[in-house]
Amino acid sequence: MTDAPTRPAVLLVDDVEANLVAVEALLGGINCDLVRAGSGNEALKQLLRREFAVMLLDVQMPEMDGYEVAKYARDNPQTRDVPIIFLTAMHGSEENMLRGYGTGAVDFLFKPINPHVLRGKVQVFLDLYLGRRRLTDEIAAHEKTLVDLRMANSALRHFTNAASHDLREPLRAINGFLEALSDEVGTSLEEQPRDYLDRSRKAANRMVSLLDSLLVYARLQSPVAFQEVDCQGLFEQVRTDLGTRLAASKTELVVGKLPSLRGDPNRLYQLFLNLVSNAMKFHKADDVPRVSVSAERHDHDVVFCVEDNGIGVDPKFQSAIFDPFRRLHARTEYEGSGLGLTICQQIVEQHGGKMWLESEVGRGSRFYAMLPA
């Protein structure tokens, strides 16, 4: 079947030329193409040439009557969805009606035809046809958009993986050379050159941290791999991996009893790692950092809470704290890529949960992550 023209079409089928002319006159002014067919065979050929919004089919025709035309149209996958309205001068007996509906008719109109009824019914099928066509076009457009998005996401993941790997290696080399330079001549340098050296090392470390965060963010675009996750064991792994930083900052990390749930272990590990790291980082200068982790079951959900005694967050900034690359403090005060909490929120939402913050300036913060159990 050829592509649908701009205007919808109505197929008029009757072996009497005068009847076709009369129906055309009754439908005059309706925004559609009226296509004639003088026999059943010609009607079936027309159905294969283009799409029709509706077919007005005379029942009594020689060689092939309307019932046979309807049956053949219904048996062909290309034409089976065209609505059929029978036009007939025959008595509307129950037998004739059942036979017509059995061959696929959607309605009967008996001659002499009421012009208002005919125009109203045809207009309904024209509107339905145009609605279906718009819906089909929208679905096709959305499918193309989804394909484009998948391709873009795939390209982004490949680019991010390659860029992170290719950039991380030279940055490690730069950092290594800077450390070697600092060890060899750092103490002999004057204050300003030594400051330049320290700034260079910090900049290289920031770049490595940013690349690591971008790589994690890119990996979140792949499907979630759900399985049973032991959150208690996952947090012990977080504690082990943060061991050096916990000791250096003298952070007190207290983890309560945590349940198991269905989720992606790699993503949940990243969620807990980021939340604890964030709580450790934003501590007050004169206080020993304290971080407590707890969980409570609420109906079919588990609400995790990571609480700290840090600097807190001003209420006017709390709604924007999960935005990517949003920083509330200068890099000279607190290091970071600006993606940590964005990654946390995306992980929680990918699991069908939600995340929020309760905080007061100078009195610490409580990050909540509600996940389906």
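Analyst: Happy to. Let's begin with pairing: two strands count as paired if DSSP finds at least two bridges between them. Please keep in mind that this is a predicted model.

User: What makes β11 and β12 a pair, then?

Analyst: β11 and strand β12 (residues 365–372) share six bridges in the antiparallel sense. The cut-off is at least two bridges, so they count as a pair. Within this pairing, K354 stands opposite M370 in β12.

User: Which sheet do these strands belong to, and why is one side of β7 and of β11 without a neighbour?

Analyst: They belong to an open sheet of five strands, with the order β7-β9-β10-β12-β11 and mixed pairing. β7 (252–255) and β11 (354–359) are at the edges, and each has a single partner strand, so one side of each has no neighbour in the sheet. From one strand to the next, the twist averages 15°.

User: What lies across β7, β9 and β10?

Analyst: Helix α7 (residues 231–241) does, and its direction is at about 170° to β7.

User: How do you know whether F86 and F108 are buried or exposed?

Analyst: The cut-off for buried is under 20% relative accessible area. F86 has 0% and F108 has 7%, so both are buried. Both also belong to one aromatic cluster with Y67 and F110.

User: Why is the pair of F235 and F272 called stacked?

Analyst: Their planes are at 25° and their centres 4.6 Å apart. Stacked requires planes under 30 degrees apart, so this pair qualifies. F235 lies in helix α7 and F272 in helix α9 (residues 265–281), so the pair ties together parts 37 residues apart in sequence. F235 and F272 are both buried.

User: What makes K354 a charge over a ring?

Analyst: The charged end of K354 is 5.7 Å from the centre of the W356 ring and sits over that ring. The distance limit is within 6 Å, so 5.7 Å meets it. Likewise, the charged end of R50 sits over the ring of F52, 5.8 Å from its centre.

Technical notes. Residues numbered from 1 in each chain as written. Predicted model: local features only at pLDDT ≥ 70, side-chain atom pairs only at ≥ 80, totals over all residues. Heavy atoms only, no water. Helix = DSSP H or I, 4+ residues; strand = E, 2+ residues; numbered from the N terminus. Axes fitted to C-alpha atoms, helices over the stretch in contact; angles between N-to-C directions. Contact = heavy atoms within 4.5 Å. Buried < 20%, exposed > 50% of the residue type's maximum accessible area, 1.4 Å probe, protein only. Phe/Tyr/Trp six-rings, centres within 6.5 Å; stacked < 30°, edge-to-face > 60°. Lys NZ or Arg CZ within 6 Å of the ring centre and 35° of its normal.
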